[in-house]
Amino acid sequence: MERLISIGRLFVLPFLIVFFPVLLASCLQAQEGDSLLKTRLDQLEKQNDLLRKYLDANTSESKSLIVNSPDKPSLASILSMPANGTESISDQQSKPVDSNNSFLLKWMYKDGFKAESEKKDFTFALVTSLQFDNGWYSVGDNIQATMDSPLTDGSDLRRLRLRAEGTAYKQFDYCFDVDLSGATDFRTVSADPATPLLIADAWIAMNDIPFIGTIKAGHQKEFITFSNATSDRYLSFMERPLVFDAFEDGFQFSNGFTVANNYFDKHLNLWLGFFRTGTRTGAFGVGPGRYAFDQRLCYFPLLDQDNQRWVLVSASGSIRTLPDTNQILPGGSTVPMPNTRFFNRPTVRAGGGFQIPRIISTPVLYSDNGEGVLGLNAQTSFGPLTIGGEYLSVFLGESYLNTLPGYVTPVANNGRPAQSIGSQTFDGFYLQASCFLTSGDHHDVNTVTPGLARVKPVRQFAFRRNEDGEITKGPGAWEVKFRYDTIALNNPLFTQSFIQTRESGGAYQVLTTGLNWYWNSNMRVMADYTYNLRSTGNPPGKISGDGSFSAFGMRVQADF
């Protein structure tokens, strides 16, 4: 409970910092004297007279238009009179408007609800996102017996996001995003339903810096892959591919600083990041020397968004130290040790985050030598057809099972000494294709952070009776899709007798096909069917985890 409260404070505090000056100014303004109130009432009366004359002139039988002149104020100047205090119309017309002094907010609908100042120097948007998932499985007994928990039919709120974002003084952006869902991806198998809220984005950015572009500071995404650069609101599949889940999801969000910019008319994008490792879920991190350096270079050989054509190739990498996690020692004391494990969950999920089993997994790997990640990507879209693929590889320096040399063995490893297994290399890739069946619909690309952008159906879904009694119809956008995923986490030393089947590494392949129905720009229904092939390390004397299973998932999604 105390941790929930502290995280809640962390999320609320930036709002207070941003909006307290506005609230204070409003309170002071409310305390203006009676004389100012009387002056404004007088000005409202003058405004009413002018509006009456304006309307009379524009509704006459001749339909003549008022021509703006010094002695004939425009409609805009008449309507602005109460908002500009006690200044006369002539004073307003002769004095330039300072956007910092005319902070007039208005709510509008444009892919969400926004408030903007008169000249858009200040903006604020409150975005909500809901993803309601259902999953059904057909799984063999041997597979169920060799996982952390069985795959069972169920439903969950995959994501329930509340996001506040906007612009300040035209050059600065800010974003605060929290996930309230019990199915939030905490990457843990501990049966702890009280896991704290997931803090996603919580950053401030400075834009339009000459030659540099944008500098961003705070809790933010590490854009190693195209799939992570694509917002979860715009994904074509219910879950990101296996390579993301195994190699990048452990540091999807981190505390750090990034620099990004576009060059050559948006054809080249460079992104660099410096992060503290181990800060994914709670946005907290302590300890010396636990850092990561990321880079991603994207190039568009073809970028013709007006004609729905683009081609993207990119290369990315990360050099990082492993985060420390506390290990319980004999006697109950704890000691931090740098370690990691690589694993995959199913691409159709149902239940709370702690209820999702690992399909394949390595044992815990201890290393003081850090890891390196390399990614290669190619994506293209021509009209309704979008095709792409991505390769990701991870390299881990000199690694050990059980513990590190010179450290006491954690209780979970039953006193076994450190066992060197050398350096480790794991990799995987995916290939995917999708095609819209409805005319004119397509996938656009985000050139600022290269990834898929929001789908905007040419004809929104509608099936209702209008005010005239006629039935209004619209199909929305329909999309068919296919993806092939494969990943390998093999090592003969993972098959030793003291290792359980569920942690003996292995290989995992998934064939996914499905259908997306976009009702409009903000709402959709997704259906994914997956055929899964699993092979495990199968230590001697243990149940084999080899086999296949299938799953079907559906998602109803809305974001505003």
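Mentor: Before we begin with this predicted model, keep in mind that contact means heavy atoms within 4.5 Å.

Trainee: With which residues is Gln379 in contact, leaving aside its neighbours within four places in sequence?
Mentor: Start from where the residue sits, for Gln379 lies in strand 17, which covers residues 371–382. Once its neighbours within four places in sequence are left aside, the residues in contact with Gln379 are Phe226, Trp310, Val311, Leu312, Ile387, Gly388, Gly389, Tyr430 and Gln432.

Trainee: Is Gln379 buried or exposed?
Mentor: A residue counts as buried when its relative accessible area is under 20%. The relative accessible area of Gln379 is 3%, so Gln379 is buried.

Trainee: Which side chain makes a polar contact with the side chain of Gln379?
Mentor: Tyr430 is among the residues already listed as being in contact with Gln379. The polar contact, at 3.4 Å, joins the side chain of Gln379 to the side chain of Tyr430.

Trainee: How many bridges join strand 2 to strand 3?
Mentor: Strand 2 (residues 113–116) and strand 3 (residues 123–138) run antiparallel, and Phe113 stands opposite Leu126 in strand 3. The two strands form a hairpin with six residues between them, and the number of bridges that join them is four.

Trainee: What is phi of Lys120, in the loop between strand 2 and strand 3?
Mentor: Most residues other than glycine have a negative phi. Lys120, which is exposed with a relative accessible area of 52%, instead has a positive value, and its phi is near 65 degrees.

Terms used
Residues are numbered from 1 along each chain as its sequence is written. This is a predicted model: local features need pLDDT of at least 70, side-chain atom pairs count only at pLDDT 80 or more; totals for chains, interfaces and linings use all residues. Side-chain values use heavy atoms; hydrogens and water are left out. Two strands pair if DSSP finds at least two bridges between them. Buried means under 20% relative accessible area, exposed over 50%, partly exposed in between (1.4 Å probe, protein chains only). A polar contact is a pair of N or O atoms within 3.5 Å; within protein, one must be able to donate a hydrogen and the other to accept it, and residues adjacent in sequence count only if both atoms are side-chain atoms.
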